[in-house]
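Student: Could we go through this one label by label? I'd like to see which cut-off sits behind each word.

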Amino acid sequence: MQFADRNDFEPEEEHGPCPTDPLGTFLHGLLTMPDLFAAGGFRVTDNATDIVFVEPGCCNGLETWRDWLEVLNGTGCAYFGHDPSSMAERLGDIVRLTLDAHETDSSPVIELSVDQIRTLVAGAQQDLADFLSLAETWAEQHLPTHAAAVTAALARALDVASTP
């Protein structure tokens with residue numbers, strides 16, 4: 001329901017008119033928008049210092065999880081939301097998580113090994129795949145006429161089909 005609710009707005013004309021039935025209206029954004037927002041996000045907490053990196057927010061949803069792969073395998077840097085503007089950057093075998101990239105001198109940081117981040121990302125990817133499987137089963141039971149479309153939309157938003 002969160003996926004449908006968070007993507008509940010009138011899409012552009014090319015996505016067709018909104019259905020008039022309540023369920024069709026509720027699912028319309030989820031089923032027609034090309035770029036879905038998946039409320040939530042990754043949260044990393046340093047238990048020793050209670051520093052929290054990347055509180056899930058308005059522009060850092062679960063759909064951006066692959067940005068972590070950019071840190072590990074690509075550019076070595078990714079940004080996660082704003083207020084504060086959190087950043088993860090790879091520095092050799094370490095990933096530095098800076099809570100507020102605009103305040104680099106005074107911002108709290110968490111440093112983890114690349115292997116630790118890789119393990120965390122793989123675990124989160126598995127959690128997303130497990131969620132998708134549960135959502136598919138739920139949709140088949142509760143939304144049989146929309147199950148395939150809802151599952152496809154969730155799979156597209158979460159992008160968990162391929163391995164990091």
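Tutor: Let's start with accessibility: buried means under 20% relative accessible area, exposed means over 50%, and partly exposed is in between, using a 1.4 Å probe and protein chains only. Keep in mind that this is a predicted model, where local features need pLDDT of at least 70, side-chain atom pairs count only at pLDDT 80 or more, and totals for chains, interfaces and linings use all residues. Residues are numbered from 1 along each chain as its sequence is written, and side-chain values use heavy atoms, with hydrogens and water left out.

Student: Why is α4 called roughly antiparallel to α5?

Tutor: Helix α4 (residues 114-142) and helix α5 (residues 147-158) pack at about 165°, with their axes 9 Å apart. Angles over 145 degrees count as roughly antiparallel, so α4 gets that label relative to α5. The axes are lines fitted to C-alpha atoms, for helices over the stretch in contact, and angles run from 0 to 180 degrees between N-to-C directions.

Student: Which residues of α4 and α5 meet there?

Tutor: Contact means heavy atoms within 4.5 Å. From α4, the residues include Leu 128, Phe 131, Leu 132 and Glu 136, and from α5 they include Ala 147, Val 150, Thr 151 and Leu 154.

Student: How do you know whether Thr 151 is buried or exposed?

Tutor: Thr 151 sits at 12% relative accessibility, and buried means under 20%, so Thr 151 counts as buried. Leaving aside neighbours within four places in sequence, Thr 151 is in contact with Leu 132, Glu 136 and Ala 139.

Student: What makes the pairing of Thr 151 with Ala 147 a polar contact?

Tutor: A polar contact is a pair of N or O atoms within 3.5 Å; within protein, one must be able to donate a hydrogen and the other to accept it, and residues adjacent in sequence count only if both atoms are side-chain atoms. A polar atom of the Thr 151 side chain lies 2.9 Å from the backbone oxygen of Ala 147.

Student: Where does Ser 107 sit, and what does its side chain reach?

Tutor: Ser 107 is in the loop between β5 (94-98) and β6 (109-113). Its side chain reaches the backbone nitrogen of Asp 100 at 2.8 Å, and that of Leu 99 at 3.4 Å. Ser 107 has 10% relative accessibility, so it counts as buried.

Methods
Helix = DSSP H or I, 4+ residues; strand = E, 2+ residues; numbered from the N terminus. Parallel < 35°, antiparallel > 145°, perpendicular 65-115°, else oblique.
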